[in-house]
Amino acid sequence: MVGQVSHEVEVNVSASEAWELYGTLQFSKLVEEVLSNFIEKIEVIEGDGGVGTVIKLTFAPGTGFTGCKEKFTKVDNESRVKETEVLEGEFLELGFTLYRDRFEVIEKGNNSCIIRSTIEYELKEDAAANASLVSIEPLANVAELAKNHLLKNKTAKDTK
């Protein structure tokens, strides 16, 4: 079984400004802050934020999950696309053969862009019921808070 869910939010900053956040490890720090009720901590196991970087996510108690490791499989600064795939953790144990997060920053105008967050997944047929575990809500929350973070920083730069 193959599936995909996505979320888009428009942000009134340039795509390059948004990518300065999304295209770096700074984004992982924001995710850790925003999803603190779900993610206890994010550690960089290897790499500098480029392709091949491996991060370990430790989930908060009470979430039903302990954690996972993800690898950055794509960081394209030109087209502003970042992809991570789960290497190990409960999702794979629950029958997912692929669990990929994709973040795209799409230029809309000089001072406007769209942040698209997508989860792509593949499940073994006998685990198809676990598709209900896939939720775009955490990534949508991150996108909304990233938007606020970017706008706040833009306002601070504009007043200098």
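**Salt bridges and their setting**

Modeller: Of the 160 residues of the chain, 48% count as buried. Keep in mind that this is a predicted model.

The overall fold comes before the pairs. The chain has four helices and seven strands. Read from the N terminus, the order is β-α-α-β-β-β-β-α-β-β-α. Along its principal axes, the C-alpha trace spans about 55 × 30 × 25 Å. Take the contacts in the chain with a separation of 6 or more: residues 24 or more positions apart account for 49% of them. The accessible surface comes to about 8400 Å². Carbon and sulfur atoms hold 47% of that surface.

Next, the charges. The chain carries 18 positive and 28 negative charges. Their mean positions are 5 Å apart. Side chains of opposite charge can pair when their charged atoms come close. The structure holds 11 salt bridges.

How accessible is Glu 10? Its relative accessibility is 36%, so Glu 10 counts as partly exposed.

The second pair is Lys 69 and Glu 88. Lys 69 lies in strand S4 (residues 67-76) and Glu 88 in strand S5 (residues 81-89), so the bridge ties together parts that are 19 residues apart in sequence. Lys 69 has a relative accessible area of 24%, which means partly exposed. Glu 88 is also partly exposed, with a value of 44%.

Are Glu 83 and Arg 100 buried or exposed? Both are buried. The pair also belongs to a network. Salt bridges with shared partners join Glu 83, Glu 85, Arg 100, Arg 102 and Glu 120.

Now the loop between S4 and S5. Arg 80 is found there. Its phi is near 55°, a positive value in a residue other than glycine. Which side of the burial cut-off does Arg 80 fall on? Its relative accessible area is 18% and buried means under 20%, so Arg 80 is buried.

Tyr 22 is found in helix H1, residues 15-22. Its relative accessibility is 1%, so Tyr 22 counts as buried. What does Tyr 22 touch beyond its neighbours within four places in sequence? It is in contact with Phe 27, Lys 82, Phe 103, Val 105, Ile 115, Val 142, Ala 143 and Ala 146. Tyr 22 and Val 75 are 53 residues apart in sequence. Their C-alpha atoms are 9.8 Å apart in space.

Leu 123 lies in strand S7, residues 112-123. It is buried, with a relative accessible area of 4%. Leaving aside neighbours within four places in sequence, the contacts of Leu 123 include Met 1, Leu 94, Gly 95 and Phe 96. Thr 97, Ala 128, Asn 130 and Ala 131 are also among them. Tyr 99 is 24 residues from Leu 123 along the chain, and 8.8 Å separates their C-alpha atoms.

Thr 58 has its place in strand S3, residues 54-59. It is buried at 18% relative accessible area. With neighbours within four places in sequence left aside, Thr 58 is in contact with Ile 39, Glu 40, Lys 41, Glu 43, Thr 66 and Gly 67.

Note on methods: Residues are numbered from 1 along each chain as its sequence is written. This is a predicted model: local features need pLDDT of at least 70, side-chain atom pairs count only at pLDDT 80 or more; totals for chains, interfaces and linings use all residues. Side-chain values use heavy atoms; hydrogens and water are left out. Helices (H or I, at least four residues) and strands (E, at least two) are DSSP runs, numbered from the N terminus. Buried means under 20% relative accessible area, exposed over 50%, partly exposed in between (1.4 Å probe, protein chains only). Contact means heavy atoms within 4.5 Å. Accessible areas come from the Shrake-Rupley method with a 1.4 Å probe; for residues, only the protein chains shown count as cover. Lys and Arg count as positive and Asp and Glu as negative; His and the chain ends are not counted. The place of a charge is taken as NZ of Lys, CZ of Arg, CG of Asp or CD of Glu. A salt bridge is a side-chain nitrogen of Lys or Arg within 4 Å of a carboxyl oxygen of Asp or Glu.
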